[in-house]
Amino acid sequence: TDGLKVMSYNIRLGSANDGTNSWAMRYIATGEMLEDQKPDVFGVQEALEYQVRFIEEMCGYESVGVGRDNGKKEGEYMSIFWNKKTVSLIDWGTYWLSETPDKPSMGWDAACFRTATWALMKDKKTGKKFYFVNTHLDHVGKEARRNGLKLVMDKIAAMNKDGLPLVLTGDFNVTPDDPALVDVDANMKSARKVAEKTDNTGTFNNWGKASSVIDYIYFTGFSSCPEYHTVTEKYAERKFVSDHYPITAELNF
């Protein structure tokens, strides 16, 4: 197909003490999942540097992103990965979801440093350019989520003057009925809502103890979205690849 396959994946930070679900027990499952799903471009949330390197070295993807705590290698990365056979990178950057987006900083009532990574890319099959934006909104601060998402939308508007196709992925830490999403819903399409083939499976599973939709793929400027999928398949005999299920969408230019 001429479609672009995209994914959002909260990988669960590798340092978390998750017992039998710890990264050491499930990194092989992540590798198998990526090999099976074959996204052209995907955004991860919560990745530590060694998790980013694993995906680059073992799964053959290239990536851009920075550690959110210092803008270098410290803390979680909101990295964007791409398959260099199908997509090429033109430009990229990171900003912080705060009142001072150009430097490592915490915004509003947030509990953590939060960032968004953006990339201007080119689809090699069609020659079309597109933007990909990946973020992780705060899990505590309501104001931080609302203002953080507003900042992302404002930055997108300023960046995408030419109205190129654009994908926004992320763990927004809100369910679809949350007022924080009103502006995004007005300006972009949720793949889950508009895909010809879709599901409404919870994306946050908390290792089987929860089921809520808090991860999203939004887009604008694509002609259609044939499929949205919550990746609940088992890999490497593991029930969960993370405490979130990856989500994918097929987008046509």
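Asn-134 sits in strand β7 (residues 129-136), where strands are DSSP runs of E with at least two residues and helices are runs of H or I with at least four, numbered from the N terminus. With a relative accessible area of 0%, Asn-134 is buried; the term stands for under 20% relative accessible area, against over 50% for exposed and partly exposed in between, with a 1.4 Å probe and protein chains only. The model is a predicted one, in which local features need pLDDT of at least 70 and side-chain atom pairs count only at pLDDT 80 or more, while totals for chains, interfaces and linings use all residues. Residues are numbered from 1 along each chain as its sequence is written, and side-chain values use heavy atoms, with hydrogens and water left out.

The surroundings of Asn-134 are well worth a look. Its side chain reaches the backbone oxygen of Met-78 at 3.3 Å. When neighbours within four places in sequence are set aside, the contacts (heavy atoms within 4.5 Å) of Asn-134 include Gly-43, Val-44, Gln-45, Ser-79, Ile-80, Thr-115, Thr-169 and Gly-170.

Helix α2 (residues 49-59) comes next, with Gln-51, Val-52, Phe-54 and Ile-55 as its buried residues. Viewed down the axis of α2, these residues fall within an arc of 155°, so they line one face of the helix; the arc is that of the directions from the helix axis to the C-beta atoms. An α-helix has 3.6 residues a turn, so residues three or four places apart point the same way. The buried residues of α2 pack against α1, β2 (41-45), β3 (62-64) and β4 (80-82). After α2 comes Gly-60, with a positive phi near 75°.

Helix α3 (residues 142-159) holds Glu-143, which is partly exposed at a relative accessible area of 35%. Beyond residues up to four places away in sequence, Glu-143 touches Trp-108, Asp-109 and Gly-148. Glu-143 and Phe-132 are eleven residues apart in sequence, yet their C-alpha atoms are 24 Å apart in space.

On a 1 Å grid over the protein atoms alone, a pocket is an open set of points where a 1.4 Å probe fits, with protein on both sides within 12 Å along at least five of seven lines, and lining residues have an atom within 4 Å of a point. The lining consists of Met-153, Ile-156, Ala-157, Asn-160, Gly-163, Leu-164, Asp-183, Asn-187, Met-188 and Thr-220. Two or more of these residues come from each of α3 and α4 (182-187), and α3 gives the largest share, three residues. By type, the lining divides into five nonpolar, four polar and one charged.

Two further residues complete the picture. Asp-18 lies in the loop between β1 (4-10) and α1 (23-37) and counts as buried at 14% relative accessibility. Neighbours within four places aside, Asp-18 is in contact with Arg-12 and Trp-207. Although 225 residues separate Asp-18 from Asp-243 along the chain, their C-alpha atoms are 9.6 Å apart. Lys-193, in helix α5 (residues 191-194), is exposed at 54% relative accessibility. Its side chain makes a polar contact with that of Asp-185 at 3.4 Å, the term meaning a pair of N or O atoms within 3.5 Å, one able to donate a hydrogen and the other to accept it, with residues adjacent in sequence counted only if both atoms are side-chain atoms.

Methods:
Nonpolar A, V, L, I, M, F, W, Y, C, P; charged D, E, K, R; others polar.
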